[in-house]
Amino acid sequence: MAKKNIVVIGAGFAGVYATKRLAKHYKKNKDITITLIDRHSYFTYMTELHEIAADRVEEDAIQYDLQRLFCRRKNVKLVTDTVTTIDRQNKQVVTEHGRYDYDYVMLGIGSEPNDFGTPGVKEHGFTLGSWESAIRLKEHVRDVIRRGATEHDPEKRHALLSIAVVGSGFTGTETIGELRDWKDVLAKENKIDPDEITLSLIEMAPTIMNMLDRNDANKAERYMIKRGIKIMKSTGVVGVHDTYVDLKDGSTYPTATLIWTAGVKATDQAANFGLQQGRAGRILVNKQMESQDDPDIYVVGDVSLVDEDGTGKGQPQIVQGAEATAKAALLNIEAKIENKAAVDFKPNYSGFMVSLGSRYGVANLMGWMHLSGFFAMLMKHLVNMLYFVQIYSGYYLFQYFMHEFFRTRNNRNLMRGHISRQGNVLWTIPARLFLGAMWLVDCWGKIQGSGSWFTDKLRLPFAWLQTAATSGASAAGADATTAASGAEATKAATTAAKSVFSLSYEYGHDPLAVFSQMPTWMYNITKTLIPNQDVALFMQKAMTIMEILIGLALVAGLFTWLSSAATVAFVATFCLSGMFYWVNIWMIPMAIACMNGSGRAFGLDKWVVPYLQKTFGKWRYGTPKALYGTDTTK
């Protein structure tokens, strides 16, 4: 076979998908070389830009390094450069720093926001068309909220604290939903009332989210309104200024943050290749994804336009469309190389999913399955992860899972903050549950049956209380046989001691006590606190109840720090009593480990502790504010 060079321009959804598939298909064919050219050294997961813009995940969470994506594909050459044109006569792809021979080109340079020439959008508005634009928007939002929090002029303050999103498509609704999640965090950081931060979704059409089934869209709209997002339908924006926008009806709307998501078009770069363009600058292709000007140039993703129905609209500019076009193109390149029959582009849209923040979304799958809330968001994550399966990247599948579920902050994940690695305490949850379960298992025999500790008979570890209460001998000369019941009681006490914890046994050996007898100072304290048998019986019951409460609290993750501290105190007390064994000393370091916030990672402390901190803090110190002595609520 003659050597063939395939050059893929653009490392977007379509380009990475196609390159991975081609590389796998030709991994044993040394005559096929694949070159992937992109101006960045990474692939950006474009559909999650709103998560960066609203500070849900780390800035690099949606960047996937191309070297790591293709490290095992020896037949793929990676080039970081900007393509300027395609020299069709000499069959070369021309970049700013070089030329690359090709037999077949796959052009997937994507799309960019379309402001339709609206005055002021480029100068004063913000878009979400790249990773860089998401970073700029995040920094701007932080800045205007910070300035707004300390602004005394009511009009300026209102404009600075108002954020407007134009367009209710996928990008617009997901952005406004993510900003709503961030709003409470921003308010807290800047010491202002969250209600002062206004979020508005502006749509020119009489309905919003028109890419969805109407019932799903209405459900999403109700959710946004419930969360305080202002929906402005049948409202067109005709001009954008620094602190306000002009509306089509002649009025103005105050905002220092206008986010334009009202449309997309092919990148301006598409005009550099001398290929026929259609609506919104998209390059016209036939059903085999071949450019209408050159059958060796395949155009995929958002920049391509397959006019199947003759309307000129083309296929939707979504990830599913990008994958479908890339699949058709790569199969046809393989068909030409291998002299096989060509295949036509077959759109396959399994559904639409829209997130409205980190915890709620709506989805329409296969046209008949309608999901909302938790299950819609779960499905969206599964679809996102499926892409990494399709491009054979287990490493970045793992990274996605970590960023979306474990490395989040401020409760912003599908599990409402649970399972988030807050200081790595997530991994102490099994220890906390086990420790709590051990308390409950140990107490089970103490509260039921003939061995109940609630009878009028002292049992270990309270046998030593009886000794302390009834013995008149000095602590220095006292031993286990000085109890009122003599040697027989001591023998029974020792036997009972071995059954205090089920882990006290070692095969063929008696367990080794931490202390062979009670220290003198402990004896004196005990004798003072427990002067008689009645007090000892009361303490026996009270301590059993306390153990049960500690176990339940640890299992539930409630007051985990106090419960763990109590565990340390109880175990230390049992050790000093001379009735505790080294085989169970693990309870102390385990309890100390659980004190590091394990109840907040997955337990009731997640809600209880912040509530108590807020309530008692407000009661004692009042509510922090960015401004004092000025009424800024009007």
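Is Lys336 buried, partly exposed or exposed? Lys336 counts as partly exposed, at 28% relative accessibility. Buried here means under 20% relative accessible area, exposed means over 50%, and partly exposed is in between (1.4 Å probe, protein chains only).

Before selecting anything, note that this is a predicted model, in which local features need pLDDT of at least 70, side-chain atom pairs count only at pLDDT 80 or more, and totals for chains, interfaces and linings use all residues. Residues are numbered from 1 along each chain as its sequence is written, and side-chain values use heavy atoms, with hydrogens and water left out.

**Stop 1: Lys336**

Select Lys336. It is found in helix H9. Helices (H or I, at least four residues) and strands (E, at least two) are DSSP runs, numbered from the N terminus. Now show the contacts of Lys336, leaving aside its neighbours within four places in sequence: Tyr104, Glu290, Pro295, Asp296 and Tyr298. Contact means heavy atoms within 4.5 Å. Pick Tyr104. It is 232 residues from Lys336 in sequence, but the C-alpha atoms are 9.7 Å apart in space.

**Stop 2: the five-stranded sheet**

Select strands E5, E2, E1, E9 and E20. In that order they form an open sheet with parallel pairing. Two strands pair if DSSP finds at least two bridges between them. Go to the edges, E5 (76-80) and E20 (297-299). Each has a single partner strand, so one side of each is left without a neighbour in the sheet. On average, neighbouring strands are turned by 20° against each other, direction ignored.

Zoom in on E1 (residues 4-9) and E2 (residues 32-38). Six bridges pair them in the parallel sense. Pick Ile6; its bridge partner in E2 is Ile34.

H1 lies across E1, E2, E5 and E9 (104-107), and runs at about 165° to E2. Angles run from 0 to 180 degrees between N-to-C directions, and axes are lines fitted to C-alpha atoms, for helices over the stretch in contact.

**Stop 3: the four-stranded sheet**

Select E13, E12, E11 and E17. They form an open sheet in that order, and the pairing is parallel. E13 (230-232) and E17 (257-260) stand at the edges with a single partner strand each, so one side of each lacks a neighbour in the sheet. Look at E11 (residues 162-166): four bridges join it to E17. Val165 stands opposite Ile259 in E17. Helix H7 (residues 170-189) packs on the sheet and touches E11, E12 (198-202) and E17. The direction of H7 makes about 175° with that of E12.

**Stop 4: a hairpin**

Select E23 (residues 361-365) and E24 (residues 369-372). They run antiparallel, joined by four bridges. Ala363 stands opposite Leu371 in E24. E23 and E24 form a hairpin with three residues between them. In the turn, Met366 has a positive phi of about 55°.

**Stop 5: a helix pair**

Finish with H17 (residues 560-576) and H18 (residues 587-594). They pack at an angle of about 165°, with their axes 8 Å apart. That makes H17 roughly antiparallel to H18 (under 35 degrees is roughly parallel, over 145 roughly antiparallel, 65 to 115 roughly perpendicular, the rest oblique). Show side chains at the contact. Thr560, Ser564, Thr567, Val568 and Val571 in H17 meet Met587, Ile588, Ala591, Ile592 and Cys594 in H18.
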